[in-house]
Amino acid sequence: MLRARSLLLLRLAAPAAGCGPAARLVPARLFAAAPPPPAATAAAVSAEPFINGSNSSYVEEMYVQWLRDPSSVHASWDAYFSRTAGGAGPGAAYMAPPSLAAPSANSLPVSALVAPMVGGAARVPGAAASENTIADHLSVVGVIRSYQIRGHLVARLDPLEIERKPVETASEIVVRGYMQNFDEQDMDTVFQLPSSTFIGGREKALPLREIVNRLEQAYCRSIGVEYMYINDLEQCNWIRQKIESPGIMQFTNDEKRLILARVARATGLESFLARKFSSEKRFGLEGGEVLIPAMKHIIDVSSAMGVESFVMGMPHRGRLNVLANVCRKPLEQIFAQFAALEVADEGSGDVKYHLGTYIERLNRVTNKNVRLAIVANPSHLEAVDPVVQGKVKAEQFYRGDSDGNKAMSILLHGDAAFSGQGVVYETFHLSDLPAYTTHGTIHIVVNNQIGFTTDPRLTRSSPYCTDVARVVNAPIFHVNGDDPEAVMHVCQIAAEWRNTFHKDVVIDIVSYRRNGHNEIDEPMFTHPFMYNKIKKMPNLTDKYSKKLIDEGTVNADEVKRDVIDRYEKICEEALEASKKETQIYNKHWIDSPWSGFFEGKDPLKMSDTGVKEETLTHIGKRVSSAPPNAVDFVIHRGLQRVLNSRMEMVESRTVDWALAEAMAFGSLLKEGYHVRLSGQDVERGTFSHRHHVMHHQKVDMATYRPLCYLYPDQAQYTVCNSSLSEFGVLGFELGFSLTNPNALICWEAQFGDFCNTAQVIIDQFISSGQAKWVRQSGLTLLLPHGMEGMGPEHSSARLERFLQLCSEDPEYFPPFAADEFAIRQLSECNMIVANCSVPSNYYHILRRQVHMPFRKPLILMTPKSLLRHPRAQSSFDDMVEGTEFKRVLPDTAAAGQSPSGVRRVIFCSGKVYYDLEKAREDRGLQDQVAIVRVEQLSPFPFDEVKQQLDLYPADADIVWAQEEAKNNGAWAFVEPRFETTAAKAKVIRYVGRSCSASPATGSKTAHTKELNALLNEAFDL
Ligand SMILES: Cc1ncc(C[n+]2csc(CCOP(=O)(O)OP(=O)(O)O)c2C)c(N)n1
Ligand SMILES: [Mg+2]
């Protein structure tokens, strides 16, 4: 009560400028048509005795309508709001009912505060209504709102009819005390309907009995809808109208036949598979087969409204049925997956219920072409959600589909996973962010009321498995899965909702799981009560066809002959055809084909990553300047200093890290490749070095993005600060990278160690996606990494874990020709891991991502202190045409010039090089100790490391120095590879910190001590 009341107060008190927390509660549009009332109005209204938690929303609606158009509300409300807006003090605008005397000429009768009554105690104009009449009317409003808010709690959603709620009467749960005022006689009293309901249709007033009856019909049968938390009145009314309007859920006979045919295919396929492959796991849909007509209906409706491409993500349950009956994947290809056939092409493959697909076909209902993709996914439930969103976003981006009218996502969920997995929440929070929105996702939960063996009462704390969707104000439609017409109705609403408001919506299909978790699992061990009920459930085709036969829509023969037997025949023929297959092809299951990308390309030819000097200069100058024509754009003085020093560097043909990155991005944009950089605070850069978005110091939200204005015909640059999520955002960017290979898609972690909250995306998608699903991705991860005395966190991007995920054999020196060595290694690897020490190499490796004739994920350890290290700079000479990425950087001092006198060769990678280099200088050992940098760790540059080993005397001491602890960093990865390179003729020794449970010490002093020890050991000749 208190909360409802204070919300009203906040809304009425919101300042026009829209600042401060109160303003955030109010959609900007709300006050656009009328000036806000003085703050006193709020106090006046909230103090009125007739306002309480239950009717405050009603009053609020009246108020909003009055703001828009004072004549649209009853004169009494107009008078009331005018008085409050005119300054009537708290409680003064409301006039108590003059029960004994007639109102004086100037006073407003309280009856004016409620809508005029019809029938019953009808109000005589000018006469005062009794207190009882007012209370009755407020109760009717309360009853209506109760159904709208709580009707779903008693809706008949569960086909099994297992009562999981406390045993209260429906009336207690829904209407609570609002009906107490009424007795049986009152049920025939006619009440005027408030504008907040559509149950009347054309009628403006109804008897109470009919009001309750219609509310029951709308809210308490097979559909339970949750939407009253939506702040936008237009959206609320839209849903009310779709749910409450009398007769809104009616289907023609043809529509019913179509539903039946689709239901029959869904049940037919499951029973066919059950009979033919009885001992195979397939995670059947039995009990939830209505999913198939539901998805098809959504696709029909959306296709009719212009959507051409549907990208879907789903778990294991019912996947084969979706592939067969929604995507129309050839049945023989599906059946062939059950046979133990050899794989004829690349990849190690995946189990059949994880595979993706991509199909273009004619939608028979709309007669339009549609493209359907199911994104391949790992077993990890819900992990595919952000990937789907990123893929759709990319489709929308490349099509210029700025409102999501052409491409959309459909996400399927299990009830346990939807409520249990945090990535669901992370994905919802991307749904309304400009750089991440897909303009509305339709979520469908196949809510079989169980998760493996666990009862919902024990898997979640929220009442519904769908409550997570409330955070984005998504409407949620719970629907009984055994009522196909109700399911189709909510699918219709959901598709129209997305098309109208471009926001997420959830359909919760309450169903059951006829078998165990899979077909060979015994459900009676844990759920005897539920499964005794399930055993008695007829299958959906039988149930729905009986209904249609009973009502005369179809006859029994027709159902058997034209629907059931016909589909059985199709399945039989496909099974016969599948038996003729001798091999299966992983490529048949690719979800993101890149037509035209691989064709006609030399798979070992890489285009140049160096560019003309004038390009470097042009980009360098642009990113060192304020907006060219905006003299009024006020730049922060500190930023101006950054720009000035950038300009000096450009003029002296030098780059630091930020400039190198800008030149890599800018030159790719010039060549027509889209570049997208996403992650937390990437616009400025965590370390304040990037500044890709400049902010006007005097005008809010006025920004300038120099990389967007390099060339008139350049590709589009997107740089976007993300939500504070790693799992969701990394998954999203991976998805984005799948749509089009001609782009550089980068995700940057705030600090490298945060990437472990996105571990599933790294393990299950990035490192293994190509092997499992023949799907490539050039996604680039930028992971700030380095021991800088900042404590255990913020130090390590866990280089060792990425290296461990690389599939390269440490004991195999590839026998490739010298000129093809690097590119062949790249083409065969599963991902690239590098730790560059110079900006020019960073620039080249970014450009190489797009210039390779294939795509591989790139994991880059990126610097923190090196961003500003005076020695970590490169010359244009290392970036112009003819230059390229250097996998190994040989020694640059006297040792490298005259190797014969070298007594020790230190191999290292990344930032520690600068510490070693300085320590060598301090000790005057430039001629005796060589320092060689391995810039690309994986694929390991066996060839170039061998050249380096061969360069120095055979008895030179070979060490690997790293700043990470011995059990971390690259040591475990490089050691066997050095052995292989040296054919075991040389031993490489470790120099560095000892093993540690924590990535770094929390003490600055200990850090410095450890570093000094490392350096002393490295040079203790
Ligand atoms: C992240 C994750 N944790 C655990 C599992 C193991 N697992 C597979 S299915 C399942 C139950 C899923 O229940 P629900 O989401 O309701 O889907 P249903 O199988 O009932 O359709 C579990 C726990 C998994 N696949 N993914
Ligand atoms: Mg379940």
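So, which residues is F335 in contact with, once you leave aside its neighbours within four places in sequence? The answer is L269, F272, L273, F277, C571, A574, L575 and S578, where contact means heavy atoms within 4.5 Å.

Some housekeeping before I go on. This is a predicted model, so local features need pLDDT of at least 70 and side-chain atom pairs count only at pLDDT 80 or more, while totals for chains, interfaces and linings use all residues. Residues are numbered from 1 along each chain as its sequence is written, chains are lettered from A and ligands numbered from 1 in the order in which they are written, and side-chain values use heavy atoms, with hydrogens and water left out.

Okay, the overview. The chain has 35 helices and 28 strands; those are DSSP runs, H or I over at least four residues for helices and E over at least two for strands, numbered from the N terminus. There are 1021 residues, and 59% of them count as buried. Buried here is under 20% relative accessible area, exposed is over 50%, and partly exposed is in between, with a 1.4 Å probe and protein chains only. If you take the contacts with a separation of 6 or more, 80% of them come from residues 24 or more positions apart.

Back to F335. Together with W960, F335 has the most contacts inside the largest nonpolar core, which has 184 residues. By nonpolar core I mean a set of buried Ala, Val, Leu, Ile, Met, Phe, Trp, Tyr and Cys residues joined through side-chain atoms within 4.5 Å. The element that gives the most to this core is helix α18, residues 484-501, with 10 residues. There's also a second, separate core of 52 residues, and I823, C836, Y842 and M879 are among its members.

While we're on α18, have a look at F501, which lies in that helix. F501 has 14% relative accessibility, so it counts as buried. Not counting residues up to four places away in sequence, F501 touches E234, Q235 and W238. Q235 is 266 residues away from F501 along the chain, yet their C-alpha atoms are separated by 7.8 Å.

Now the sheet. Seven strands, in the order β17-β14-β18-β19-β21-β20-β26, form an open sheet with mixed pairing; two strands pair if DSSP finds at least two bridges between them. At the edges you have β17 (717-721) and β26 (936-938), each with a single partner strand, so one side of each has no neighbour in the sheet. From one strand to the next, the twist averages 20 degrees. Helix α30, residues 839-851, packs on this sheet and touches β18, β19, β20, β21 and β26, and its direction makes about 165 degrees with that of β21. For that angle, axes are lines fitted to C-alpha atoms, for helices over the stretch in contact, and angles run from 0 to 180 degrees between N-to-C directions.

Let me zoom in on β18. 6 of the 6 residues in β18 are buried, so the rest of the structure largely encloses it. In a regular strand, side chains alternate between the two faces of the sheet. In β18, A743, I745 and W747 are on one side, with L744, C746 and E748 on the other. β14 (residues 674-679) pairs with β18 in the parallel sense over 6 bridges, and β18 also runs parallel to β19, joined by 3 bridges. E748 has G679 standing opposite, and its bridge partner in β19 is L782. C746, meanwhile, stands opposite T780.

What about β25, residues 929-934? Here too 6 of the 6 residues are buried, so β25 is largely enclosed by the rest of the structure. β24 pairs with β25 in the parallel sense over 5 bridges, whereas β23 and β25 run antiparallel, with 2 bridges. C908 has R933 as its bridge partner in β25, and V888 has V934. Helix α33 has F942, D943, V945, Q948 and L949 as its buried residues, and they pack against β23, β24 and β25, among other elements.

Last stop, ligand 1. There are 15 residues around ligand 1, and R317, S379, D415, A416 and A417 come nearest, where near means a heavy atom within 4 Å. For polar contacts, meaning pairs of N or O atoms within 3.5 Å, a backbone N or O atom of A417 is 2.9 Å from a ligand oxygen. On the side-chain end, an N or O atom of N448 is 2.9 Å from an oxygen of ligand 1, and one of H316 is at 3.1 Å.

Conventions
A polar contact is a pair of N or O atoms within 3.5 Å; within protein, one must be able to donate a hydrogen and the other to accept it, and residues adjacent in sequence count only if both atoms are side-chain atoms.
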